[in-house]
Amino acid sequence: MTSDVPALTSFPYLTQDEFTQCIERFVERYAKELAERGITDTNVVIRGRAAWQQYLQLRRPLFAEQMRCASSACLPENNIEAELEDADPVQQIYPSERSTNESSGYVEYHIVYSRTWRVPVLYVRVYQIDKVGNMQAVLEVERVVSLLVTDNAVRGAIAAVDFGGALGIQDHPVLGHPCLYLHPCHTATLLRAVVMPSSDDGNGIVQIGMDNYVAAWLSLVGPSVGLALPCV
């Protein structure tokens, strides 16, 4: 199966230069559509001056509706299976498409290159308006998950694959302040699974290159921290 997608030298691993090209192509291809659909604000940008410092930043509002959902009781276990069948994760994750919602903070996602693992790493920082109107960073793992993943069905799916357990706290490698991050130890395995044939005859192979590497990766890891890409 041939493709016009620019090839990577050692998929699923990236060089620093390939990572830079991948995030540049993601901005070119997806930033405008994500902003137009209200998934992010206009702040889908590449930060960092030196090549080794460059990372992709996506930001989206945090809504009062999400805060109310975060404090509500979870579904009983016997309801999770039914919810998984009917749930629309994008609608649940992004009430931003509902015009009556008011922002109560924002979430920043930073996609940073790991020279150790040679794959992207997703860093997350949540800012929430407190009772007196000040913007405060939220660093408690359970609280962040409750704020970002408000659909019980999505939480159940995350728990079922034990992916949420990979969420921890670490200093941002470029900015230096503490952030939540998804550990990259399973990234290569997840991406290899994406390009596996979907049938015995070899059809259905997904071609991943510089144009769609970041989008494919985010489609796998993003939902566990409330970031879904419906346009991918």
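Student: Which residues of α8 are buried?
Tutor: We're looking at a predicted model here. Helix α8 covers residues 213-221, and 7 of its 9 residues are buried, so the rest of the structure largely encloses it. The buried ones are Tyr213, Val214, Ala215, Ala216, Trp217, Leu218 and Val221.

Student: How do α1 and α8 lie relative to each other, parallel or perpendicular?
Tutor: Take the geometry to start with: α1 (residues 16-36) packs on α8 with the axes 8 Å apart and an angle of about 85°. An angle of 65 to 115 degrees counts as roughly perpendicular. The two helices α1 and α8 are therefore roughly perpendicular.

Student: How many nonpolar residues does the contact of α1 with α8 have?
Tutor: On the α1 side you have Cys22, Ile23, Phe26 and Tyr30, and these meet Tyr213, Val214, Ala215 and Leu218 of α8. Sort that contact by class and you get no polar and no charged residues. The nonpolar count is 8.

Student: What about α7 and α8, at roughly what angle do they cross?
Tutor: Helix α7 spans residues 187-194, and its axis comes within 10 Å of the α8 axis. The angle itself is roughly 110°.

Student: How many polar residues are in the contact of α7 with α8?
Tutor: From α7 come Thr187, Leu190, Leu191 and Val194, which meet Tyr213, Trp217, Leu220 and Val221 in α8. By class, this contact has 7 nonpolar and no charged residues. The polar count is 1.

Student: On to the strands. How many residues of β7 are buried?
Tutor: Strand β7 takes in residues 178-182 and is mostly covered. Buried means under 20% relative accessible area. By that cut-off, the number of buried residues among the 5 in β7 is 4.

Student: Which residue stands opposite Leu182 of β7?
Tutor: Strand β7 runs antiparallel to β6 (residues 167-171), with 5 bridges joining them. The hairpin of these two has 6 residues between the strands, and Gly176 takes a positive phi near 90° there. Across from Leu182 stands Leu167.

Student: And which residue stands opposite Leu180 in β7?
Tutor: This time the other strand is β4, residues 119-129. Strands β4 and β7 run antiparallel, joined by 2 bridges. Opposite Leu180 you'll find Val124.

Student: Strand β4 also pairs with β5; what is the bridge partner of Val126 there?
Tutor: Strand β5 covers residues 135-138 and pairs with β4 in the antiparallel sense over 4 bridges. The hairpin has 5 residues between the strands, with Gly133 at a positive phi near 95°. In β5, the partner of Val126 is Val138.

Student: Is Val112 buried or exposed?
Tutor: Val112 belongs to strand β3, residues 103-114. The residues it touches, leaving out those up to four places away in sequence, are Phe19, Tyr55, Val119, Pro120, Val121, Tyr123, His172 and Pro173. Its relative accessibility is 4%, so Val112 counts as buried.

Student: How far apart are the C-alpha atoms of Val112 and Gln57?
Tutor: Along the chain, Val112 and Gln57 are 55 residues apart.

Student: Zooming out, what share of the residues in the protein is buried?
Tutor: The protein has 8 helices and 7 strands, and its accessible surface comes to about 12000 Å². Of the 232 residues, the buried share is 43%.

Note on methods:
Residues are numbered from 1 along each chain as its sequence is written. This is a predicted model: local features need pLDDT of at least 70, side-chain atom pairs count only at pLDDT 80 or more; totals for chains, interfaces and linings use all residues. Side-chain values use heavy atoms; hydrogens and water are left out. Buried means under 20% relative accessible area, exposed over 50%, partly exposed in between (1.4 Å probe, protein chains only). Accessible areas come from the Shrake-Rupley method with a 1.4 Å probe; for residues, only the protein chains shown count as cover. Two strands pair if DSSP finds at least two bridges between them. Axes are lines fitted to C-alpha atoms, for helices over the stretch in contact, and angles run from 0 to 180 degrees between N-to-C directions. Angles under 35 degrees count as roughly parallel, over 145 as roughly antiparallel, 65 to 115 as roughly perpendicular and the rest as oblique. Contact means heavy atoms within 4.5 Å. Ala, Val, Leu, Ile, Met, Phe, Trp, Tyr, Cys and Pro count as nonpolar, Asp, Glu, Lys and Arg as charged, and the others, Gly among them, as polar.
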